[in-house]
Amino acid sequence: MRFTGWTMIWLLLCLAFAGCTWAQNAQFWNIQAQDTLQKALTREASLNRNVAKNIVFFLGDGMGVSTVTAARIMKGQQAGMTGEETVLSWEKFSSVALSKTYNTNRQVPDSAGTATAYFCGVKTKEEMIGVDDQAVLGDCQSSLNAAVDSVMTDAEKEGKATGFVTTARVTHATPACLYAHSPDRNWENNADVPEAEAALGCTDIAHQLVTLGQNIKVIMGGGRREMLPDNFTDYEYSALTGQRTDGRNLVDEWLASKDAQTSHFVWNLDQFNEVDPENTEYLLGLFESSHMQYEGERTNEPSIAEMTEKAIRILQKDTDGFFLMVEAGRIDHAHHDGFAGNALNDTVAFDAAVAKAVELTNEEDTLIIVTADHSHVMTLGGYQSRGNPILGLVDLSSAEDDLPFTSIGYTNGPGGIAEQVSYKLFGRRRNLTDNDTENPRFTQPGIVPRESETHGGEDVAIYANGPMSHLFHGVHEQNYIAHVVRYAACLGNRQHCDEYVAPCGSGASSVPSGGVTMITVLLNLWLALVLPK
């Protein structure tokens with residue numbers, strides 16, 4: 001088999017970036033599989049056993065495997081491809097495992113109990129924030145001796161710079177487990193805490209953010225209302241006020257505790273863009289009164305990728321390294337509303353944030369983890385054609401009632417209410433023929449009618465790259481994740497540091513992450529195509 005020079009170059013680029021679909025004969029698949037096999041065969045010798053100077057922990061809230069698959073297809077289709085062949089940034093990572101997500105009292109978990117597990121290393125009940133299983137929901141007394149610290153707290157104790165980014169409120173369940181301890185995830189501001197429980201010594205999560213979390217260098221997300229008094233008009237919306245009833249303005253308190261020259265509070269995109277990472281030590285960004293906007297509807301606030309980049313550039317100035325958590329919190333909210341379009345858009349935006357972190361860090365000294373707290377009851381099916389629009393109607397399969405159906409559906413949720421209403425009115429499910437199913441706020445069909453769609457209970461994936469990422473393998477309890485982080489970065493657990501011997505000539509690589517892999521792929525393809533058969 002012989003090719004001209006330009007044809008060869010085009011073919012290699014085409015295959016390497018999955019930009020063409022015609023070359024799918026046996027040779028195409030055999031080359032691809034053999035390249036993957038060779039990497040697997042040499043994996044043991046190339047395991048990264050370095051100490052993790054930096055940790056970037058990505059959490060896709062509600063990002064189950066079906067969401068990952070659908071988002072992969074959407075990303076590809078947005079780029080003009082069929083979609084199925086697309087590769088998300090974390091799918092290039094060296095290690096993949098599964099995580100069992102149940103809470104100690106629930107078969108299907110919530111985001112608070114799961115965040116306590118993967119951040120603090122201890123499984124607990126649903127709705128618990130940074131406390132173990134002895135705590136009882138809403139019972140302050142039961143939680144006073146139940147506190148468990150997170151890996152971010154451990155990183156701070158080791159002298160590392162710390163920060164977190166979320167598209168939800170900064171006091172919401174996932175980020176709260178990094179710095180707070182509470183027997184109720186809903187105690188976000190003082191008005192949420194019953195007086196009797198407050199009298200026992202329990203404080204709200206926002207208060208803990210500016211006290212226990214006073215050394216966090218970067219805090220970005222939504223949730224201004226939890227930080228501001230109820231007589232304070234919101235910076236952006238004249239009809240909204242804060243929700244605190246104690247008269248405290250925690251934004252002002254945060255600013256007063258920091259150096260005015262190197263610390264900044266921002267609440268819109270222009271202010272965010274003006275922040276110079278090189279001259280910034282502390283950054284508090286609160287871009288919405290409640291949660292941030294969905295990516296597909298975003299105005300006047302930064303994207304999750306932009307926040308990730310800014311955070312890394314601020315934190316990486318610390319010579320001791322850093323810990324950063326990035327949460328795509330609104331994937332979960334979109335699923336609860338039955339808005340698969342917004343859920344997938346936010347997942348694709350999350351992919352861009354992970355890619356930016358890979359670009360800005362070095363896999364030799366930075367452990368990057370991408371995982372989810374739990375799944376959702378979203379399904380993808382229908383025997384549709386390759387490249388069928390992921391949010392569209394199934395083009396080949398037919399239903400017994402002769403009505404069209406979508407590729408994506410939910411087993412419960414608001415879509416079930418819509419189907420129920422349609423059945424009562426017309427004696428059948430919705431006829432979607434003239435519906436814009438690709439609208440991000442279209443409510444996908446459901447089965448069981450519920451105002452809010454529920455979480456799913458199946459395992460979720462853990463993707464990891466960098467130092468000691470190979471410790472993620474097989475199926476793990478979710479709390480295992482925090483223990484790997486502690487071991488890899490020597491956070492409290494010094495065993496790895498005590499045993500580690502740096503390889504001769506080790507240091508920062510001049511080859512970007514993934515560069516060697518791409519060279520190997522191209523070389524293997526070239527040899528397979530030009531050598532005599």
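This briefing describes salt bridges in the structure above. The model is predicted, so local features need pLDDT of at least 70 and side-chain atom pairs count only at pLDDT 80 or more, while totals for chains, interfaces and linings use all residues. Residues are numbered from 1 along each chain as its sequence is written, and side-chain values use heavy atoms, with hydrogens and water left out. Across the whole structure, a search finds 28 salt bridges, each being a side-chain nitrogen of Lys or Arg within 4 Å of a carboxyl oxygen of Asp or Glu.

**Aspartate 133 and lysine 125**
- A salt bridge joins the side chains of aspartate 133 and lysine 125, at 3.5 Å from N to O.
- Lysine 125 counts as buried because its relative accessibility is 19%, and aspartate 133 counts as partly exposed at 34% (buried is under 20% relative accessible area, exposed over 50%, partly exposed in between, with a 1.4 Å probe and protein chains only).

**Arginine 494 and glutamate 158**
- Arginine 494 forms a salt bridge with glutamate 158, and their closest N and O atoms are 3.5 Å apart.
- This pair links distant parts of the chain, 336 residues apart: arginine 494 lies in the loop between helix H16 (480–489) and helix H17 (495–499), and glutamate 158 in the loop between helix H6 (151–157) and strand S3 (161–169).
- Helices (H or I, at least four residues) and strands (E, at least two) are DSSP runs, numbered from the N terminus.
- Arginine 494 is partly exposed at 39% relative accessibility, as is glutamate 158 at 34%.

**A network of salt bridges**
- Arg169, Glu188, Arg225 and Glu226 are linked in a network of salt bridges.
- Within it, the side chains of arginine 225 and glutamate 226 meet at 2.8 Å, N to O.
- Glutamate 226 is buried, with a relative accessible area of 2%, whereas arginine 225 is partly exposed at 22%.
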